[in-house]
Amino acid sequence: MITDEELMTVARDARSHAYAPYSEYRVGAALLANGTIYRGTNIEIRGAAPIHAEMLATFNAVLDGATDFQRIAVSPSGISGEAPCGQCQYILAEFTTDLRIIEDTPNDESFTEYD
């Protein structure tokens, strides 16, 4: 069984791969679906809408055929209490009505859980 701590470790690692040259706001996500962890990170492209970490993790899971989402860990750099955004919540809600959301704190030492 994958623990919350293990899921957050994956999200923190994904954050280190973010491409955020404009905002410098890096986010990593780790989505547990069908017993597998799917990673995502934010990607900013000049002149285009950014891809959010939660979106990429969701799209990776769906691409693999997973639609039974159990938990998502989100690790933003800086301020917490902002992830996932409204758009990401809508995307996640397409595949689940009961998702545990675990969000990192700015010091990477603990996390907050939302239902």
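How many salt bridges does a search of the whole structure find? I ran through the model, which is a predicted one, and the search came back with 5 salt bridges.

**Entry: R100 and D4**
I looked at this pair and found their side chains meeting in a salt bridge, 2.7 Å from N to O. R100 sits in strand β4 and D4 in helix α1 (residues 4-15), so I noted a link between distant parts of the chain, 96 residues apart. I checked burial too: D4 counts as buried at 16% relative accessibility, while R100 is partly exposed at 23%. The cut-off for buried is under 20%.

**Entry: D104 and its arginines**
R12 meets D104 in a salt bridge of 2.7 Å, N to O. This pair links helix α1 with strand β4, 92 residues apart. R12 itself is partly exposed, at 22%.
I also found R15 in a salt bridge with D104, with the closest N and O atoms 4.0 Å apart. Since R15 is in helix α1 and D104 in strand β4, the pair ties together parts 89 residues apart in sequence. R15 counts as buried, at 15%.
I jotted down a network as well: salt bridges with shared partners join D4, R71 and R100.

**Entry: rings**
I then looked for aromatic pairs and got a count of 1. The ring centres of F69 and F95 are 5.4 Å apart and the planes sit at 35 degrees, so I wrote the pair down as tilted. F69 lies in strand β3 and F95 in the loop between α3 and β4, so the pair ties together parts 26 residues apart in sequence. F69 is buried at 3%, whereas F95 is partly exposed at 27%.

Definitions and conventions
Residues numbered from 1 in each chain as written. Predicted model: local features only at pLDDT ≥ 70, side-chain atom pairs only at ≥ 80, totals over all residues. Heavy atoms only, no water. Phe/Tyr/Trp six-rings, centres within 6.5 Å; stacked < 30°, edge-to-face > 60°. Helix = DSSP H or I, 4+ residues; strand = E, 2+ residues; numbered from the N terminus. Buried < 20%, exposed > 50% of the residue type's maximum accessible area, 1.4 Å probe, protein only.
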